[in-house]
Amino acid sequence: MDDNKTASFSLDSRRAATTGRDDFERSWRTHVGDGFPLPRFNAATTADFRLRFRAAKVRDVAITSVDGVSAAQTADGPSHDADQVRLWLVRSGAWALGSRRNTVEHTVVAGHFLLRHAARMHHFALPPHTRAQCIVLPAAPFSLLLGGREVAGRADAAEVRLLAAHATMVEETLPDLSPAGVQAARDTLVELATAVTHHGFDDVNTRLAPALAQAAKNLAEERLADVDLSSAMLARELNVSVRTLQRAFAAGGESVTAYIRERRLESARQALVVSRLTVSEVAAHWQFADSSHFSRAFKQRYGLPPTEYVRKNT
């Protein structure tokens with residue numbers, strides 16, 4: 001395997017089932033397959049292949065994200081040696097794993113993850129409407145940490161949130177990274193995955209700042225209408241100090257408070273344009289102190305008071 005190779009691709013076959021499987025296999029072998037062989041799929045899967053994939057190879061690490069309409073299952077066939085560590089993270093649906101086809105040894109259900117050493121490629125089955133991520137890592141950094149054990153838990157654990165946020169950033173930005181950036185992205189993926197094995201990480205490590213900031217942003221998006229949303233709440237959920245979180249945002253030229261305010265204003269703007277809610281209702285929903293405070297902030301950001309903005313944009 002060429003450990004210096006990096007590549008990525010995305011493919012959406014949810015509306016092109018007849019050609020989607022062929023397109024996927026061709027793209028995988030071209031961009032990712034070296035060192036990460038593709039399993040054979042069963043006949044039902046290949047006949048109805050309606051899934052969206054995004055994959056990235058970062059030297060000796062591979063990231064695959066799947067969002068499926070149809071089911072997917074591997075077929076019997078030769079099993080590849082794979083001295084690797086794999087982490088499965090399931091958002092919706094499930095990911096069933098077994099050493100043989102139709103044998104389920106472990107099912108990762110929605111909202112959970114599983115990390116284990118894999119000496120051989122696992123058979124797997126995904127029901128329809130599964131949304132998940134699989135990260136394949138080199139085994140060497142985990143040999144002492146894992147010691148043959150599995151690590152499983154909830155996907156909202158702080159260290160898992162950080163790993164998932166960083167993996168998604170890498171998938172999206174890999175084509176634009178310099179060689180040094182690729183190396184840093186790869187090393188951070190491994191470091192965050194090792195943190196998952198012992199349920200914690202070194203929050204002083206500045207290399208983790210982008211992943212920490214992105215994880216906080218992802219969490220903030222889920223809680224924008226929550227009255228308790230703050231730097232303190234985000235830091236508590238991500239198991240870091242408020243100061244560490246603030247430093248992570250500052251590394252990107254932002255502040256936590258400004259980010260929350262900006263996202264709430266933008267969400268409020270969208271709500272005003274597409275809904276029948278009043279200015280007061282929108283201000284209350286997005287946790288502004290009152291409609292006057294909201295109107296001043298809105299005008300400062302968008303150049304017009306809310307009512308006038310709505311008249312011009314609806």
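How many bridges pair strand β6 with β7, and in which sense, parallel or antiparallel? Strand β6 (residues 94-98) pairs with β7 over four bridges, in the antiparallel sense. Before going on, a word on the model: it is predicted, so local features need pLDDT of at least 70 and side-chain atom pairs count only at pLDDT 80 or more, while totals for chains, interfaces and linings use all residues. Residues are numbered from 1 along each chain as its sequence is written, and side-chain values use heavy atoms, with hydrogens and water left out.

Let's stay with the strands. Strands of a sheet pair through backbone hydrogen bonds, either parallel or antiparallel. Here, strands are DSSP runs of E with at least two residues, helices are runs of H or I with at least four, and both are numbered from the N terminus; two strands pair if DSSP finds at least two bridges between them. The open sheet has four strands in the order β4-β9-β6-β7, with antiparallel pairing. Its edge strands, β4 (72-73) and β7 (106-109), each pair on one side only.

Now to the aromatic rings. Rings of Phe, Tyr and Trp (its six-membered ring) pair if their centres lie within 6.5 Å; planes under 30 degrees apart count as stacked, over 60 as edge-to-face and the rest as tilted. The whole structure holds 16 aromatic pairs. The F41 and F49 rings have centres 5.8 Å apart and planes at 70 degrees, so this pair is edge-to-face. Both F41 and F49 are buried (under 20% relative accessible area, with exposed over 50% and partly exposed in between, using a 1.4 Å probe and protein chains only). Ring pairs also link F41 and F49 into a cluster with F9, F24, W28, F53, W95 and F124.

What about the nonpolar cores? Such a core is a set of buried Ala, Val, Leu, Ile, Met, Phe, Trp, Tyr and Cys residues joined through side-chain atoms within 4.5 Å. The largest has 67 residues, of which L234, L245 and F294 touch the most other members. A second, separate core of 26 residues includes F9, A55, A72 and A132.
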